[in-house]
Amino acid sequence: MATALQDPSVEERTGPAEASRSPRLLRYLTLALAALLLLGVGWTAATLVAGRTPGENSPEAGFARDMARHHAQAVEMAMIAYAKGQDPAIRQIGYDMALTQQGQIGQMQRWLQEWNLLPTGSRPAMEWMPDGITVDNNGLMPGMATREQITQLHEAQGAEVDRLFIELMIKHHIGGVHMADGVLKASDRPEVVRMAEAMKLSQQKEINELRKLQQAGG
């Protein structure tokens, strides 16, 4: 009877071929979901690492605190050069340097606020440096001038201001570049890396300019 017959197309759609495709499809879906899960776990882990806030004893916090102090002395010397230097080139370098480094101090202080850390910490200066460089016998970080040298620069006049500023600032910048290299070895936090690289670039450029002026002045 016609009512007892089935449409062959219906049998094909519901037959062994369709049944064999179902487990295969299920396996594909399972693998896809597992891949998405692994991708999600990896993305979450990467996000947590990238977004991890530097702690009290982190190299990022040590760098921000120590470099802010280091910069503060450079700004002081640069303002003396700008106000009292005899060579217009020295005055211009002093102005640019003071402006740049004061801005960087502000950025580093803002980092510490965002990280819920105080401007000063309990650890000794330079303890975060990966190569073990510490402060000198006067408690000064690499390249920093003594208070006697700063006083001498304040009291100098004319060409002596230029000479002292060049001498002290070359040494100061070399120390600053060394500190920037230190944090680049110890940190991969994007804003810290960008800042350290910018510091290296600008300070190395100024070292070269100061050395040229030093040679020109004998």
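Predicted model: local features only at pLDDT ≥ 70, side-chain atom pairs only at ≥ 80, totals over all residues.
Let me start with Glu191, which lies in helix α7, where helices are DSSP runs of H or I with at least four residues, strands are runs of E with at least two, and both are numbered from the N terminus. Residues are numbered from 1 along each chain as its sequence is written, and side-chain values use heavy atoms, with hydrogens and water left out.

The side chain of Glu191 is joined to that of Arg189 by a polar contact of 2.6 Å; the term covers a pair of N or O atoms within 3.5 Å, where within protein one must be able to donate a hydrogen and the other to accept it, and residues adjacent in sequence count only if both atoms are side-chain atoms. Leaving aside neighbours within four places in sequence, Glu191 is also in contact with Trp111 and Trp115, contact meaning heavy atoms within 4.5 Å.

Now to the overall picture. The protein has 7 helices and 0 strands, and of its 218 residues 35% count as buried, which is to say under 20% relative accessible area, with exposed being over 50% and partly exposed in between, using a 1.4 Å probe and protein chains only. Among contacts between residues at least 6 apart in sequence, 80% join residues at least 24 apart.

What about the interior? The largest nonpolar core has 48 residues, and those with the most contacts inside it include Phe63, Met77, Trp111 and Phe165; such a core is a set of buried Ala, Val, Leu, Ile, Met, Phe, Trp, Tyr and Cys residues joined through side-chain atoms within 4.5 Å. Helices α3, α4, α5, α6 and α7 each supply at least two residues of this core, and α3 gives the most, with 11 residues. Setting aside neighbours within four places in sequence, Met77 is in contact with Ala145, Ile150, Leu153, Phe165, Leu168, Met169 and His172.

Turning to the outside, is Leu99, whose place is in helix α4, buried or exposed? Leu99 counts as exposed because its relative accessibility is 57%.
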